[in-house]
Structure formats: C-alpha cells, structure tokens
Amino acid sequence: MRNLIILIFVVYLGLLLSCKPDHATKNTEAGFIADLMEQMTVEEKIGQLVQYSSKEALTGPEVSNKAVSIVNEVKQGKVGSFINVDGAQKTYDLQKIAVDSSRLGIPLIFGYDVLHGYKTIMPVALASASSWNEKLIKEGAKVTARETASSGLHWTFAPMLDVSRDARWGRIVESCGEDPYLTSVIAKATVEGLQGTTLSDTFSVAACAKHFAGYAFAESGIDYNTTEITEQTLRDVVLPPFKACVDAGVATFMSAFNDIGGIPCSKNKELLTGVLRDEWGFDGFVVSDWNSIGELIKHGIVSNRKEATIAALEAGVDMDMEGRCYKKHLKDLIAEGIISEEALNTSVERILKIKYRLGLFEDPYRYSSIQREKNEIYKDENLEVSEQMARESIVLLKNDESILPLKAEDKKIAVIGPLANDKDVPLGSWRARAEYNSAVSLWEGLQNRIGDTKKLQFAKGCSLVDEVVNYQSILNIEEEDRSGFAEAVRIAKKADVVILAIGEHCYQTGEARSQTDITLKGLQIELFEEIYKVNKNIVVVLMNGRPLDITAINDKAKAIVETWFLGSRSGYAIADVLTGAYNPSGRLPISFPRHVGQQPLYYAKKNTGRPEKLGSKSIYQANYKDNESSPLYPFGYGLSYSKFSYSDITANKESFSKGESIQLSIKVTNDGKYDGKETVQLYIYDPVASVARPVKELKKFKQVHLRAGESKNVEFLITEDELGFWHKHGGIYAEEGEFEIMIGANSQDLVSDTIRYNN
Ligand code: NOJ
C-alpha cells in the first residue's frame with residue numbers, strides 16, 4: 001500500500017513536471033516574464049530573438065537557401081517570430097506547433113508588411129498624408145488593424161516615418177512626405193489607430209516605427225545608399241516622428257539599412273540605446289530590417305556574421321529579421337563570455353513583454369479565427385473608409401477656366417490613357433494581400449458616377465510598361481507601340497473634355513525603385529501632344545508614387561488632378577472629385593519639382609548668406625541659372641473648387657515668456673461658390689538663433705469647413721514647443737527673441753506677424 005501511494009505520488013509529480021508552465025497564472029507582466037525566463041534555456045532564449053520569413057513570400061534577398069525544417073526549429077523553440085506567414089489557418093497551424101510541441105509552449109508573434117491596408121487597400125502613405133486629416137488616417141489604420149488582426153497577424157511593419165525629400169528615392173511613396181511635423185502628426189494617428197487603446201484588444205496589432213533612422217536621406221536618392229546627416233538635422237527633422245511614436249506607445253521599432261556617417265543603423269548604439277531607450281524611454285523591442293545585421297559585413301564594419309551579431313546586439317537590436325546571425329552565433333558568444341547572458345535576457349524580456357501585452361500567453365490563437373477572418377476582411381464598411389480617405393487624398397493642382405468640376409454641357413467625355421482603366425496600379429506597391437486587379441479603375445468610377453454612359457468613351461492610347469510585372473521584377477519601359485494613338489485621337493476630337501490618366505506604374509515606386517528620370521515616361525508625353533493637337537480641354541489625372549517632373553504637360557493641361565495611388569476604391573473617389581460630388585481638399589505633403597536636378601527639394605531650407613533675390617540681376621545668389629529654383633507646386637499647396645482668402649492676422653499679445661502661450665487668430669473666408677474645406681497652415685521662422693534655422697517650418701495646421709460665402713476665425717496657440725529646436729547642450733528649447741509667424745494656404749502664400757519670446 002505504501003509503495004502504491006509512493007508510486008501514485010511519483011506519477012503525479014512526473015505529470016506535474018511534464019506539464020507546460022501555466023503562462024497565464026502569474027498576474028503581473030514582470031512576474032510572469034521573470035518566471036518564464038527562469039525556465040528557459042539559453043537556446044530557447046535565443047529562439048525568441050530569431051525571426052524567419054516564409055519562403056513563399058520573400059520580401060528581401062534570400063539569405064540562406066539551406067533547407068531548414070521550420071517545423072523542427074519551431075518544435076525546438078528556436079524561432080520566436082515569423083514574417084510573411086499570414087491567414088488565420090496558416091498562423092493557427094504554426095502556432096499550434098509552437099504551443100503544443102515546444103518545451104515551454106511560448107507563442108510565436110506573426111508580423112507582416114501591412115502598410116496601407118491588408119486586403120482593403122487604403123491610399124498609399126504619400127496620398128493619405130495629402131489629406132492632412134489625422135482623424136481619417138487613424139480611422140484607416142483601425143480598419144487596417146482589424147483586417148490584419150483577423151488574418152492571424154499580431155504585428156505590422158508600419159508606420160514608415162522616413163521624412164523624405166528626394167523624389168528619386170522609390171520609397172518616397174511609403175512616406176508622409178518632406179515635413180517632420182506633418183509626419184509626426186500622422187505617426188501618432190497611425191500608431192493609435194493600429195494599436196487601439198490596448199494591445200490586448202484582438203482588433204489591434206502591434207505597430208513598428210521604421211526605419212530608424214535617416215533611411216530616406218540616401219545619397220542621390222539611391223535606395224540603401226549611405227547618408228550624411230548632421231546631428232542638427234537628425235534631431236530636428238529625422239527623429240521627431242519617431243519620438244511621436246514612442247509618445248503614442250508604439251510597441252516596436254525597426255533599425256534601418258543605411259549608415260549615418262559611417263555607422264550602419266543596426267550597429268548604432270547611440271541611436272538604438274542612447275536616444276531610443278535612455279532619452280525617450282522606449283520599452284518595446286527593436287527588430288532589424290531584413291538581414292540588416294548580416295549586411296553589416298558588406299557595410300565594411302565587421303568581418304563576419306559572428307562580429308555582426310556582437311555589434312547588433314550590443315547596439316540594441318533585439319530581433320534578427322531573417323538574418324540568421326543571432327541563431328547561428330549567439331550561443332557560442334555567450335559560452336565564450338563575449339556576450340553576457342544578461343544582455344540576451346534584456347532582449348528576450350522585451351520581446352516576451354510585447355507577446356504578453358498582445359495577450360498571446362492567455363490565448364495564442366486569439367488572432368487566428370477562420371470565422372472572424374471571413375467576417376472582417378474586405379467588408380463594405382472597410383471599403384467605405386478607404387473611399388473616403390481616397391477622396392480626401394486627391395490634390396487639385398491646376399484648374400484653368402474652372403474646367404472642373406465637369407459640367408452638364410460636357411456632353412462627350414473622352415477617357416484616355418494607359419492608367420485610365422487600370423485596376424491594379426492604384427493598389428500601390430506595398431499592397432499586402434490585395435487581390436490583383438481589385439481596384440476600381442477611373443473608367444469604372446466615371447461610368448458609375450456619371451451614369452449616362454453614352455457620354456463616355458474610352459481609349460487606352462498606349463501602355464506604360466511592356467511586360468506584366470510583380471513587385472520583384474524590374475520594369476521595362478521600352479514601350480514603342482503607338483497603334484492605340486489613332487483611336488485616342490479620334491475620340492478626343494469629338495469630345496468636349498478629355499480626361500487623360502497618366503503617371504507611373506506602381507512598381508516604378510517602392511523599395512529599390514530609385515529613378516534618375518522622374519518625368520512622364522514612355523509614350524505618355526507624345527500621346528498628350530497628339531491629343532492636344534485636336535482638343536485643348538485636357539484634364540490630366542496623375543497616378544504616381546512620387547512628385548514627378550510634369551513640366552512637359554503642365555502649361556498645356558487645363559486641369560491637373562494628383563491622385564497618387566488611391567487604393568481599392570480609387571476610381572469612385574476620382575470620379576467624385578471630377579464631377580464635383582466632392583470638393584477637392586488635399587494639400588501636397590511634398591514639393592513638386594520643375595526638374596530632377598532640384599532634388600532633394602523641400603520648403604524648409606535655410607536662408608544661406610546669399611539668398612535668392614527674385615527679380616535681381618546679380619549672379620551671386622543661391623539659385624539655379626538654367627531654371628527656377630522654386631518648386632513647380634509648393635509644399636502645402638492644393639486648390640479647391642472654392643476660393644479661400646486670409647485676412648486680419650492678430651495676436652492676443654506681442655510677447656510671451658517661458659511657461660506661457662500666445663494666441664494667434666486669422667480670418668479665413670470662402671469667397672467661392674462651393675462649400676469646401678481649407679487647411680490653414682502655420683509656419684514659424686526664428687530669424688536670429690545660435691544655429692541658422694529654416695526660413696519656415698510648419699508647426700500647426702487646422703482644417704475648417706466653410707460654406708460658400710462664410711468666414712471663420714481660426715485660432716492657434718503657440719507655446720515654447722513650437723519655437724524650440726534641438727541644442728547639443730540642453731536639448732530642445734526656444735531661444736529668446738523675435739519670431740516670424742506665417743499663416744496661410746500653403747508654404748508660399750502666407751500672411752505674417754511678429755511675436756517675441758522671452759526666455
Ligand atoms: C525591407 C524593408 O525595408 C522593410 O520596410 C520591410 O518591413 C522588410 N523588408 C520586411 O519585408
């Protein structure tokens with residue numbers, strides 16, 4: 001009997017020990033993680049730092065083609081995360097292996113590049129930034145989070161916050177444009193939309209602030225290129241959107257590919273630890289960009305993957321995306337005492353914390369419900385948000401003789417161009433799981449909105465590219481087929497108005513799509529000219545992912561409508577603007593050049609010692625001698641079918657001191673015939689400071705709806721925050737003195753006032 005009792009006790013104890021730890025029992029985050037980490041072996045800890053990509057969808061060059069049994073690795077707890085595995089079923093299956101078959105059952109975190117929509121595609125970032133509507137952007141991010149989370153994903157590699165000033169750089173399409181303040185506002189809205197009020201909400205996903213940092217400053221606009229960024233520019237221009245993300249509680253960061261002054265970001269301790277953690281208090285984890293740890297070798301900063309591992313971990317990169325460096329070398333480095341187990345623990349803890357906050361230890365399958373996936377993806381209400389964003393993202397650049405909106409007298413409308421009936425290009429280049437050809441084309445949108453389809457005629461005219469492409473192929477633009485010109489000219493001749501959809505293919509933009517030529521490529525200008533010979537009423541609808549040099553058609557086109565890549569409901573949104581159902585309200589988040597030679601081009605430049613003097617004949621001034629130096633269309637610019645005027649700028653006092661504020665007010669009037677929305681922009685200049693300051697910097701903006709004939713006073717509160725800039729000693733503060741405050745419709749059309757700040 002005694003033996004039986006002992007046997008039962010031993011069996012019971014054995015059962016108890018073989019059970020997975022109950023991850024949900026410890027009720028504090030720190031307690032739970034500490035408890036779990038105590039049970040982890042060094043190999044299991046390293047596993048948490050390893051992220052693999054599914055081979056089916058590589059979003060970077062293959063790092064190793066060695067056959068690895070992913071299933072075995074997961075079973076052994078050697079992988080903590082996957083990229084490019086999505087879908088409720090697939091993530092469920094893989095998660096089940098991790099949870100059921102690995103010793104400690106630690107759930108995987110699934111990440112994916114969901115930049116502007118998962119299946120319901122929102123406008124690309126450069127487009128939605130043109131709406132200057134952070135509430136709507138947040139709404140769009142919420143919808144994106146719902147679809148992403150319902151597809152088994154916990155984490156998106158968004159938002160992309162690289163302040164971008166060079167149109168040659170293909171990834172400018174993923175950015176919010178050239179301005180740090182506008183990008184920061186959008187950064188906050190996007191993180192809040194993606195992450196919701198709590199990460200544990202199953203309709204939210206963890207966001208990732210990328211690419212930290214300076215990636216868009218790639219020299220000559222060549223992707224991945226080196227950067228030379230002064231500390232002042234880094235602090236005042238590059239970093240603010242990232243700081244805004246930390247303040248909004250972003251869960252993760254991604255270290256960028258590029259180097260800054262010779263130090264690649266994945267080895268940059270000053271940035272990843274000094275700034276991000278010590279100064280800003282970021283408590284999530286940092287993932288490398290795709291093999292950016294392994295690429296430290298090619299940068300010429302380490303000689304092998306082992307040294308790369310040391311450099312990246314010591315700098316503060318917690319997770320190795322598809323680089324296979326941590327996986328291969330960390331164990332030896334710890335055994336050799338080169339990397340301490342405490343350093344490893346720090347990274348593990350950060351990753352487990354985010355998994356905990358996502359609720360994955362409570363229920364590892366909470367994101368992987370097939371039923372929920374069916375219910376949530378591509379719903380009408382999701383598409384409606386995309387459509388509203390699309391409408392508000394459109395920027396009217398030109399509208400001579402008020403040719404737009406289309407009129408009842410426009411009895412015949414010719415819809416022409418390589419992009420006029422394209423159902424794929426409007427989806428953009430980072431389109432997650434969008435179905436091929438799933439966008440509403442402009443031609444479809446016009447038919448739907450105009451109804452009387454006898455009014456409309458379509459001809460493609462020419463093609464933009466001469467092969468079918470996907471995001472991994474290089475585009476060929478040797479199109480020489482003019483056989484469609486005749487039909488285009490024939491319908492143009494009979495039309496009252498021609499709507500000509502031209503621009504660039506979505507895969508001419510995006511990662512690794514740098515271009516030296518940013519004009520309208522292929523046969524597009526020739527097609528324009530042929531049409532212009534027979535009809536001068538041309539409305540150009542641009543679809544593109546960068547500010548193009550459109551000078552070849554700018555003077556001749558009567559109207560130009562910038563639509564970027566607007567996503568799933570592109571055609572409806574454009575048709576609403578063309579017909580006047582929606583009064584265009586978008587404003588450029590980036591300057592439009594006159595020539596590629598102006599790049600990088602941005603409004604917040606410094607005055608120099610010899611600023612340009614318009615009208616002066618002196619050659620000794622900072623400008624081009626063969627072209628104007630100004631942009632073709634400036635930052636903040638955009639027309640409406642209404643006309644807005646600005647008057648009566650006033651301040652409630654002339655000066656203010658630290659801790660106080662000053663209120664500025666301006667009267668804005670809608671002098672036009674249509675109700676409309678105006679984006680009132682406030683810029684500041686500090687004309688005498690310890691370092692030369694940009695001649696204007698956007699510091700605030702407000703959107704106001706004004707009925708035809710209506711006026712409103714728009715008020716702005718200015719504090720030290722708006723006047724300050726970064727100082728090597730002392731951080732961000734404002735210097736005493738006078739400041740010029742400029743308010744108006746864009747970065748060029750401004751009325752100004754002077755205020756004084758006493759420190
Ligand atoms: C490289 C890109 O730079 C980054 O933005 C993306 O998240 C990763 N590839 C993963 O696809």
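This note goes through a predicted model, from overall dimensions to local backbone geometry.

1. Overall dimensions. Along the principal axes, its C-alpha atoms fill a box of roughly 105 × 65 × 50 Å. The secondary structure comes to 23 helices and 26 strands.

2. Burial and surface. Of the 759 residues, 60% count as buried. Among contacts between residues at least 6 apart in sequence, 78% join residues at least 24 apart.

3. Domains. The assignment divides the protein into domain 1 (28–112 + 344–363), domain 2 (392–587) and domain 3 (644–758). The C-alpha centres of domain 2 and domain 3 lie 36 Å apart. Six residues from domain 2 and nine residues from domain 3 take part in the contact.

4. Nonpolar cores. The largest nonpolar core has 188 residues, and those with the most contacts inside it are Phe-212, Phe-253, Leu-397, Leu-404, Ile-416, Ile-550 and Leu-578. At least three residues of this core come from domain 1 (28–112 + 344–363), and at least three from domain 2 (392–587). Another core lies apart from it, with 24 residues, among them Tyr-646, Ile-649, Leu-682 and Ile-684.

5. Leaving aside neighbours within four places in sequence, Ile-416 is in contact with residues including Ala-459, Ala-488, Ile-491, Ala-492, Leu-500, Leu-527 and Ile-531. In helix H19 (residues 485–494), the residues Phe-485, Ala-488, Val-489, Ile-491 and Ala-492 are buried. An α-helix has 3.6 residues a turn, so residues three or four places apart point the same way. The buried residues of H19 pack against strand S12 (413–416), strand S13 (456–459), strand S14 (497–503) and H20.

6. Salt bridges. The structure holds 49 salt bridges. In one of them, the side chains of Arg-357 and Asp-283 meet at 3.0 Å, N to O. Arg-357 lies in helix H15 (residues 341–357) and Asp-283 in the loop between helix H11 (269–279) and strand S9 (285–288), so that the pair links distant parts of the chain, 74 residues apart. Arg-357 counts as partly exposed because its relative accessibility is 26%; Asp-283, at 35%, also counts as partly exposed.

7. Further salt bridges. The side chains of Lys-556 and Glu-529 meet in a salt bridge of 3.0 Å, N to O. This pair also links distant parts of the chain, with Lys-556 in the loop between helix H21 (551–554) and strand S16 (559–562) and Glu-529 in helix H20 (residues 524–534), 27 residues apart. Lys-556 is partly exposed at 31% relative accessibility, and Glu-529 is partly exposed at 25%. Salt bridges that share partners join Glu-387, Arg-391, Arg-449, Arg-569 and Asp-576 into one network. A salt bridge between Lys-379 and Glu-381 has an N to O distance of 3.8 Å. Lys-379 counts as buried because its relative accessibility is 19%, and the cut-off is under 20%.

8. Leu-115. This residue lies in the loop between strand S3 (109–112) and helix H6 (125–129). At 19% relative accessibility, Leu-115 counts as buried. Not counting residues up to four places away in sequence, Leu-115 touches Phe-157, Ala-158, Met-160, Glu-174, Lys-210 and Trp-430. Leu-115 and Cys-176 are 61 residues apart in sequence and 12 Å apart in space, C-alpha to C-alpha.

9. Cis peptide bonds. Most residues other than glycine have a negative phi, and most peptide bonds are trans. A cis peptide bond joins Lys-210 and His-211, with omega about -5°. His-211 is found in strand S5 (residues 208–212). Another cis bond, with omega about 5°, joins Phe-212 and Ala-213. Ala-213 sits in the loop between S5 and helix H9 (231–238).

10. Positive phi. Trp-132, in the loop between H6 and helix H7 (134–149), has a positive phi near 50°. Trp-132 counts as buried, at 2% relative accessibility. Tyr-224 has a positive phi of about 75° although it is not a glycine. Tyr-224 lies in the loop between S5 and H9 and is partly exposed, with a relative accessible area of 37%.

Note on methods: Residues numbered from 1 in each chain as written. Predicted model: local features only at pLDDT ≥ 70, side-chain atom pairs only at ≥ 80, totals over all residues. Heavy atoms only, no water. Salt bridge = Lys/Arg side-chain N within 4 Å of Asp/Glu carboxyl O. Helix = DSSP H or I, 4+ residues; strand = E, 2+ residues; numbered from the N terminus. Buried < 20%, exposed > 50% of the residue type's maximum accessible area, 1.4 Å probe, protein only. Core = buried A, V, L, I, M, F, W, Y, C linked by side-chain atoms within 4.5 Å. Domains from an automatic or database assignment. Contact = heavy atoms within 4.5 Å.
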